[in-house]
Amino acid sequence: MGNSDEKHDAERQVAPDSSPGSTDTTLNFSQEFAAAMAGIDADVSAEEQDAIAALPSGSALLVVRRGPNTGARFLLDADVTTVGRHPEADIFLDDVTVSRRHAEFLRHGKTFEVKDLGSLNGTYFDGERIETAALSDGAEVQVGKFRLTFYASRHDRVRAKSN
């Protein structure tokens, strides 16, 4: 096993036992491996993983990955969540690269989409400029110089996979 694979693989430990030929096996998983199993990027902190795991059905979380507010988290739990430089925006992003009324996150039952509101610099979904886009878990949305990662409720992901 190479060094690069070690952090993603389970570590096997054999506990001593007095019975000949008997072994007790304990598996320990790294945080990166556990995140991969949960369908979450390995660069998500333990605190962010807890916040994502606690999301109720029908909600989602945006985490700022790049920009002035790196690390900030925004809960999507309404049918319409506005984003912009206007102080009354639900998600206030204070930077000149963000329009006053830049974009909206729309909830349709348990799914979400992002919609650009005719902003000057545009809204990007996984690197492509969009007018609207359905959001999938782990997708990146760019608003101005802010890069946000979208995380759906784990409850909704489990139900979607089982259907």
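Visitor: How many salt bridges does a search of the whole structure find?

Guide: The search finds six salt bridges. Keep in mind that this is a predicted model.

Visitor: What makes R73 and E47 a salt bridge?

Guide: The N to O distance between their side chains is 3.4 Å. The cut-off is a Lys or Arg side-chain nitrogen within 4 Å of a carboxyl oxygen of Asp or Glu, so the pair counts.

Visitor: Where in the chain do R73 and E47 lie?

Guide: R73 belongs to strand β4 and E47 to helix α3. They are 26 residues apart, and the pair links distant parts of the chain.

Visitor: Why is E47 called exposed, and what is R73 called?

Guide: E47 has 54% relative accessibility. Exposed means over 50%, so E47 counts as exposed. R73 has a relative accessible area of 35%. Buried would need under 20%, so R73 is partly exposed.

Visitor: How do you know that D137 forms a salt bridge with R154?

Guide: Their closest N and O atoms are 2.7 Å apart. The limit is 4 Å, so this pair counts as well.

Visitor: Is R154 buried or exposed?

Guide: R154 has a relative accessible area of 13%. That is under 20%, so R154 is buried. D137, at 25%, counts as partly exposed.

Visitor: What makes E140 and R147 a salt bridge?

Guide: Their side chains meet at 3.5 Å, N to O. This is within 4 Å, so the name applies. E140 is partly exposed at 25% relative accessibility, and R147 is partly exposed at 24%.

Visitor: Which residues of helix α3 are buried, and how do you know that they line one face?

Guide: The buried residues of α3 (residues 46-53) are E48, Q49 and I52. Seen down the helix axis, they fall within an arc of 105°, so they line one face of the helix. On the other side of α3, E47 and D50 are exposed.

Visitor: What stands out about the phi of D126?

Guide: Phi of D126 is near 50°, a positive value in a residue other than glycine. Most residues other than glycine have a negative phi. D126 is in the loop between β9 (123-125) and β10 (128-130).

Visitor: Why is D126 called partly exposed?

Guide: Its relative accessible area is 47%. Exposed requires over 50% and buried under 20%, so D126 falls in between.

Visitor: Which residues does D126 touch, leaving out those up to four places away in sequence?

Guide: D126 touches A139 and E140. As for G138, it is twelve residues from D126 in sequence and 9.6 Å away in space, C-alpha to C-alpha.

Visitor: What is the order of the strands in the open sheet?

Guide: Five strands form the open sheet, in the order β6-β5-β7-β8-β11, and the pairing is mixed.

Visitor: Why are β6 and β11 called edge strands?

Guide: β6 (91-92) and β11 (132-134) each pair on one side only.

Visitor: How do you know that β7 and β8 pair?

Guide: Six bridges join β7 (residues 103-108) to β8 (residues 111-116). Pairing needs at least two bridges, so these strands pair. They run antiparallel, and E104 stands opposite K115 in β8.

Visitor: Which residues touch the most other members of the largest nonpolar core?

Guide: The core has 24 residues, and L62, L76, L93, F105, V114, L135 and F150 touch the most other members. The elements that give two or more residues are β3 (60-66), β4 (73-76), β7, β8, β12 (140-143) and β13 (146-152). β13 gives the most, with four residues.

Visitor: Which residues does the second core include?

Guide: This separate core has six residues, including V44, I52, V63 and Y151.

Note on methods: Residues numbered from 1 in each chain as written. Predicted model: local features only at pLDDT ≥ 70, side-chain atom pairs only at ≥ 80, totals over all residues. Heavy atoms only, no water. Core = buried A, V, L, I, M, F, W, Y, C linked by side-chain atoms within 4.5 Å. Buried < 20%, exposed > 50% of the residue type's maximum accessible area, 1.4 Å probe, protein only. Arc of directions from axis to C-beta. Contact = heavy atoms within 4.5 Å.
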